[in-house]
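Hi,

Here is the structure I said I would pass along.

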Amino acid sequence: MKSATQKEKVNEILTRGVGEFIDPDGSFRKKLENDPKNVVIKFGVDPTRPDLHLGHAVVLRKLRQLQDLGCKVIFLIGDYTTMIGDPTGKSKIRPEVSQKEVEENMKTYLDQVNKVLLIEEKVFSWIRNSDWFLDVTDITPSPESKTNINITEGDKTKTYEIPPNSFVGKAVLYENSRMQKTHLHKPNIHTYSLSRVLAVLRHITHSQLIARDLFQDRLKAGQELYISEMLYPVIQGIDSSVLHQIYGFCDLEVGGTDQMFNMLVGRDVMKMNKQESQSVLAFKILEGLDGKEKMSKSLDNYVGITDAPSDMYGKIMSIPDSSIGNYFELCTFTPIEEVEEIKKKINNGKVNPRDIKMRLAREIVAIYHGEKAVTDAEESFINTFQKKEIPDDVKEIKGEGLLMPLLLSAGLFESNSEVRRLFEAGAITDLTSNTKLTGKEEVEKGHVYKIGKKTFIKIK
């Protein structure tokens with residue numbers, strides 16, 4: 001019988017920062033409490049952009065807690081589904097991403113994920129979903145490819161070279177490039193042909209898919225809705241079914257609350273294939289630095305987990321006071337009881353929000369860069385912002401290139417000569433790097449500039 005401490009750990013994992021948890025018969029909770037070393041958890045990402053941010057890390061940190069209990073995390077790289085484009089949260093179709101970009105982004109993801117997750121084989125595995133969706137005929141051999149096949153006759157084995165562009169040649173290349181064989185050393189390779197996809201679609205109705213709010217909103221607005229987007233949740237569900245075949249289990253899928261529809265389709269697909277349906281754990285969405293929209297690179301409101309310590313610290317200090325509690329709950333290890341107390345103190349006006357934000361920034365920087373980096377980052381922030389008395393409501397300007405045209409386009413000055421005089425007088429300073437500007441330097445994202453005595457701007 002497990003101790004109460006184990007049950008308390010499980011309870012916090014399944015409640016803190018959680019938006020929804022689907023486990024109808026309680027089987028997942030029971031397995032997590034009693035047999036965590038046989039629990040397999042799916043976390044899928046589409047590598048559309050190269051960097052992971054704190055929004056991704058909300059899920060990664062929860063997965064790390066599950067790993068600490070002994071669970072195995074399957075980091076599923078959706079290199080195939082990236083080509084389709086997940087419609088979740090999108091008011092229009094996602095731009096296509098080239099295979100080259102996907103490969104580059106995928107490598108970056110794998111390099112960054114070990115900042116949070118353990119990557120030992122017993123608690124971690126990764127695989128691409130192209131491993132089962134690509135067909136033999138999709139293989140395009142490189143010009144220098146050579147394909148050999150061994151044929152045994154009696155007690156002798158002969159090796160024959162075959163054209164790599166032939167069907168047999170492509171089949172050999174296909175088999176020898178499947179991660180199920182090369183990385184996981186499985187005796188059989190699981191694939192999903194079009195006929196199997198169609199078999200799944202016979203159990204899913206058009207009305208089920210079209211009922212999604214985001215599709216209805218798009219149709220009402222007269223915008224295009226592509227069949228590939230409607231199929232995305234089905235493909236994601238098939239991923240869960242295949243992982244169950246490969247790893248023996250797919251007990252849980254995790255994601256944001258905006259992924260609930262897709263993850264629930266996974267339960268349906270597994271049920272169709274007579275597999276035990278995965279449970280679903282959906283986390284609250286972390287808002288970006290603007291305090292409104294979901295943290296996103298495309299909205300430029302994110303904190304990257306590989307951001308420099310001083311940049312990470314400064315970005316956290318820029319969040320609105322209303323986001324402090326949510327960031328503590330989703331991005332730190334502060335006990336939830338203490339988080340609730342912090343929220344009360346802020347609401348009651350009993351603490352200075354800036355002091356609480358400094359604590360928040362320290363804790364987040366320490367998680368990704370260590371304690372030593374915290375001291376330097378905080379000192380840099382104090383010297384740059386507090387001692388120079390930079391106001392909290394710094395005007396933000398989006399752009400790149402030289403500062404002078406940005407100032408003019410933002411309507412801060414009426415002529416080049418006016419700005420040029422300030423440069424010549426040494427009255428324009430990059431406060432982030434603590435340097436006076438001559439007018440020949442290019443602006444840097446996230447840096448704060450002082451123009452004259454009272455004007456401050458920050459480059460988005």
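Let me start with a cysteine: Cys250 is buried, at a relative accessible area of 2% (buried means under 20% relative accessible area, exposed over 50%, partly exposed in between, with a 1.4 Å probe and protein chains only). The sulfur of Cys250 is 13 Å from the closest cysteine sulfur, that of Cys71, which is too far for a bond. A search of the whole structure turns up 0 disulfides, a disulfide being a pair of cysteine sulfur atoms within 2.5 Å.

Before the rest, some housekeeping. This is a predicted model, so local features need pLDDT of at least 70 and side-chain atom pairs count only at pLDDT 80 or more, while totals for chains, interfaces and linings use all residues. Residues are numbered from 1 along each chain as its sequence is written, and side-chain values use heavy atoms, with hydrogens and water left out.

On confidence: pLDDT is the predictor's confidence in each residue, from 0 to 100. The protein chain has a mean pLDDT of 86, and 92% of its residues reach 70 or more. Over residues 90–94 the pLDDT is below 50, and beyond near neighbours in sequence this stretch has 14 contacts in the model (contact means heavy atoms within 4.5 Å).

Now the inside. The largest nonpolar core has 94 residues, and Leu54, Leu63, Ile127 and Tyr327 have the most contacts inside it. By nonpolar core I mean a set of buried Ala, Val, Leu, Ile, Met, Phe, Trp, Tyr and Cys residues joined through side-chain atoms within 4.5 Å. Leaving aside neighbours within four places in sequence, Tyr327 touches residues including Leu286, Met295, Ile316, Leu360 and Ile364. A second, separate core of 15 residues includes Leu403, Phe413, Phe423 and Leu437.

In the order 9-13-12-10-11, 5 strands form an open sheet with mixed pairing. Strand 9 (395–397) and strand 11 (435–436) are at the edges with a single partner strand each, so one side of each has no neighbour in the sheet. Strand 10 (residues 428–430) pairs with strand 12 (residues 448–451) in the antiparallel sense over 3 bridges, and Ile428 stands opposite Ile451 in strand 12. Two strands pair if DSSP finds at least two bridges between them; helices (H or I, at least four residues) and strands (E, at least two) are DSSP runs, numbered from the N terminus.

Last, the charges. There are 18 salt bridges, counted as a side-chain nitrogen of Lys or Arg within 4 Å of a carboxyl oxygen of Asp or Glu.

- Glu253 and Lys42 meet at 3.2 Å, N to O. Glu253 is in strand 7 (residues 252–256) and Lys42 in strand 2 (residues 40–45), so the pair ties together parts 211 residues apart in sequence. Both Glu253 and Lys42 are buried.
- Asp79 and Arg128 meet at 3.8 Å, N to O. Asp79 is buried at 3% relative accessible area, whereas Arg128 is partly exposed at 21%.
- Asp131 and Arg178 have their closest N and O atoms 4.0 Å apart. Asp131 counts as buried at 2% relative accessibility, and Arg178 is buried at 5%.

Salt bridges that share partners also join Lys284, Glu329, Glu340 and Lys343 into one network.

Cheers
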